[in-house]
Number of protein chains: 2
Amino acid sequence: MRDNRGAMETERKPLRADAERNRRRLIAAATEMFCERGLEVGVGEIAESAGVGRGTLFRNFPTKEHLIAAIVVERMSELAGRGRDRMADEDPGEALFAILEESIGPAQQTDRALFEALDDAWLENDDIRAGHAELLGVLDALVSRAQAAGAIRADVGAIDVLCMTKGVCEASRHFEHLDPGIAARQFDLVRAALTDTSNRWPVRAGSAAAEVGPGRRSSEQLLS
Amino acid sequence: MRDNRGAMETERKPLRADAERNRRRLIAAATEMFCERGLEVGVGEIAESAGVGRGTLFRNFPTKEHLIAAIVVERMSELAGRGRDRMADEDPGEALFAILEESIGPAQQTDRALFEALDDAWLENDDIRAGHAELLGVLDALVSRAQAAGAIRADVGAIDVLCMTKGVCEASRHFEHLDPGIAARQFDLVRAALTDTSNRWPVRAGSAAAEVGPGRRSSEQLLS
DNA sequence: ATGGAAACGGACCGCGCGGTCCGCTTGTGT
DNA sequence: ACACAAGCGGACCGCGCGGTCCGTTTCCAT
């Protein structure tokens, strides 16, 4: 039987004191820079910002992809955790929109790392795919609860909600300088789209229901 | 008085026959590859695909950016032209949604070049900015007409429509493999958002009105 | 046909990236 | 205090990119 490498490797052989400190610094620096400026920031700059040499970075993370995965999975887990907390909220609709707005809404544009990782190219990475699945699972629970309460239209799935919110928020960044405040308005439009229960504009018949598959599958990992 | 270099340099000193032919080939190859695979394709690959050497490419377009600008502005102008044609359509609402769907909707994913150029980074380029302005002008006209007819909500501007459509369409690409057909559903959701006249979910007060500025300005270039 | 300008194209360059290596430094168990 | 392993970091490498150069080829006016 193999050791459980892959996702969730919380256990790591104890590091020397300074090594542990440097690892922390690297993660902190990488998180900040990736979130602020996207995943294309160079490893050299990250090492410099952390106050260590490039060799140290590559000893902790054998590849830039490993570093990215570590940071991104962390962000995804944190977000999923906040989502689970929201499941206890009274208003199911507000719970969903709150998590959407606070995590990907206009409030913070400092999530480029997470957004860029939500790309099919990164799903090749096992860790990121696991994080993605966990996130979709939580989102699916929130969406289902909101639908059961009649807070949002019934013909959309978690992926629709995620896709729309991500897309609109990311695009808003490119228009902020032309039109400050557009992110907030766009988010309101998403809300309008998801809340429209008039059924005057039903979404095309599709795999929305069938597609809950991946979300469901991830739910297993989600509960404790 | 300076020669009118910058946008719209339709006139060019006559080229030798073979040179003209190679230029055509380059533009054709670049258009296809940029649209299909995005602006990050290498100049070498484009030259090869066009059946010419790299030197030839750089003689026609002194910089990769010049080549991109040429292709992108062409795409933008064509799109703007189709938009102007739609102004004659009977149903203002359908005219707007038709142009949105046919140009950036699910029908064709082959517009990555145009999408990537709709980024603030590319607005530094004068030609692209001009094309962008022209496009926004046309879109503004279509949006206003649709609003006058009560086909879409009155509290959004051309930029809102563009931003939302672009964002949703681009994000859909990243989820197509997980959920085939998501692009179509997302477009329906955009339609729902823009069509919701219930005012139950008004967009935040903002510069939507003030921001027609850039659009209006571009309208000057648009007519004739 | 032919001379010469225009165009060609691939060898070549510099740059910045991710990743490696190894002589030196530093923490730690005894 | 000391020895030795664990850790450090910057010089170094290969690669692929955008962009340049110049010897060769092709077109076209005469």
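In which handedness of crossing does H1(A) pass H2(A)? The model is predicted, and in it H1(A) passes H2(A) in a right-handed crossing.

## Helices H1 and H2 of chain A

Two packed helices are described by the angle between their axes and the distance between the axes. In chain A, the axes of helix H1 (residues 17–37) and helix H2 (residues 43–50) come within 8 Å and cross at roughly 125°. H1(A) and H2(A) are therefore oblique to each other.

On the H1(A) side, the meeting residues are Arg25(A), Leu26(A), Ala29(A), Ala30(A) and Met33(A); on the H2(A) side they are Glu45(A), Ile46(A), Ser49(A) and Ala50(A). By class, this contact of H1(A) with H2(A) comprises six nonpolar, one polar and two charged residues.

## Helices H1 and H4 of chain B

In chain B, the axes of helix H1 (residues 17–37) and helix H4 (residues 64–86) come within 10 Å, with a crossing angle of roughly 80°. Because angles of 65 to 115 degrees count as roughly perpendicular, H1(B) and H4(B) are described as roughly perpendicular to each other.

H1(B) contributes Ile27(B), Ala30(B), Thr31(B) and Phe34(B) to the contact, and H4(B) contributes Leu67(B), Ile68(B), Ala70(B) and Ile71(B). Seven of these residues are nonpolar, one is polar and none is charged.

## Contact between chains A and B

The contact between the chains takes 40 residues from chain B and 40 residues from chain A. On the side of chain B that touches chain A, helix H8 (158–173) and helix H9 (182–195) each supply at least two residues. H9(B) gives the most to this side, with 11 residues. The residues of this side of chain B divide into 19 nonpolar, nine polar and 12 charged.

Notes:
Residues numbered from 1 in each chain as written. Chains lettered and ligands numbered in written order. Predicted model: local features only at pLDDT ≥ 70, side-chain atom pairs only at ≥ 80, totals over all residues. Axes fitted to C-alpha atoms, helices over the stretch in contact; angles between N-to-C directions. Helix = DSSP H or I, 4+ residues; strand = E, 2+ residues; numbered from the N terminus. Parallel < 35°, antiparallel > 145°, perpendicular 65-115°, else oblique. Contact = placed C-beta atoms within 7 Å. Nonpolar A, V, L, I, M, F, W, Y, C, P; charged D, E, K, R; others polar. Left-handed = near helix turned anticlockwise from the far one by under 90°.
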